[in-house]
Amino acid sequence: SDLRTAATEAVIAVVDRDGMTNLIRHGVVKPLCKLASRESDDTNDQSNTNALTALLHLSSNGPSAPQCVEDIMDAGGVQRMTEIALSSSRSPSDNDGWRKRVNLSLALLANMTRTERGAVEFVGRSVPDEAIPTSKKIEDGEGEKKLSIPSRPTLPLLLSRFLSDTYVVANKEDEEKEEDKEEKKNDDENGDDPYQHFAAVLMNASQIEAGRKFIMRLNQEKTKK
């Protein structure tokens, strides 16, 4: 775990454009995606969080950012990031780490869904149940958890988690506990609100017809109520 953590920290440390371009050109994205999906019981192992941070940095900066986004999608990034976004904290001690991982995964989904390909992969090509493809598997490397592609489009799945009553109640309780604590600066890195990038993902999904139909259906259901 120390070696993985050190390797991901070395990637994060590369901030010049030529260096980032060389990393992407030499295939750093695929192993970072696999590492981002890797679960570890070692609370000191930050390699999966570091891998997400590195992917976000590479896909957001420099002239090779669009290629990085393509490489992430080639590595099954939409499904990988959705699974992380739909995950739950494994223990109270992991809560902060979980929030950060969800936050980073949604930021990466926002980057991917800016492209038409990413939006199509995320929303699904059509909304009706009969047109939804069956589940598939992404083959994994040694030590990596197998990831299931959701049998329904990922947008409804993620929206159901975002609007979950359980999540809302839990957060209300957290807010009450935090009222007496000193207010901290909320930015992309700390992940205090793990779902802060969901609005960007939803907006990006509307660039394709299936996404617009899904959003319109939500509005119609709300009007009926």
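Reader: Which residue forms a salt bridge with E70, and how far apart are the closest N and O atoms?
Author: In this predicted model, a salt bridge requires a side-chain nitrogen of Lys or Arg within 4 Å of a carboxyl oxygen of Asp or Glu. E70 meets that rule with R117, where the closest N and O atoms are 2.7 Å apart. The partner is R117, at 2.7 Å.

Reader: Which helices does the pair E70 and R117 link?
Author: The two residues are 47 apart in the chain, so the pair joins distant parts of it. E70 belongs to helix α5 and R117 to helix α8. The helices are α5 and α8.

Reader: Is E70 buried or exposed, or something in between?
Author: Buried means under 20% relative accessible area and exposed means over 50%. E70 has a relative accessible area of 28%, so E70 falls between those limits. R117 has 32% and is likewise partly exposed. The class of E70 is partly exposed.

Reader: Where does D74 lie, and what is its relative accessible area?
Author: The side chain of D74 meets that of R117 in a salt bridge, at 2.8 Å from N to O. This pair also links distant parts of the chain, 43 residues apart, with R117 in helix α8 and D74 in helix α5. D74 counts as exposed because its relative accessible area is over 50%. D74 lies in helix α5, and the value is 55%.

Reader: How many residues apart are R117 and E121?
Author: R117 and E121 form a salt bridge, with the closest N and O atoms 3.0 Å apart. Both residues lie in helix α8, and their spacing is about one turn of the helix. E121 is partly exposed, at 27% relative accessibility. The separation of R117 and E121 is four residues.

Reader: Which residues are linked in a network of salt bridges?
Author: The count of salt bridges comes to three. R117 takes part in the bridge with E70, in the one with D74 and in the one with E121. The linked residues are E70, D74, R117 and E121.

Reader: What does L55 touch, not counting residues up to four places away in sequence?
Author: Contact here means heavy atoms within 4.5 Å. Leaving out residues up to four places away, L55 touches V29, L32, C33, A36, C68, I72, M81 and L108.

Note on methods. Residues numbered from 1 in each chain as written. Predicted model: local features only at pLDDT ≥ 70, side-chain atom pairs only at ≥ 80, totals over all residues. Heavy atoms only, no water. Buried < 20%, exposed > 50% of the residue type's maximum accessible area, 1.4 Å probe, protein only.
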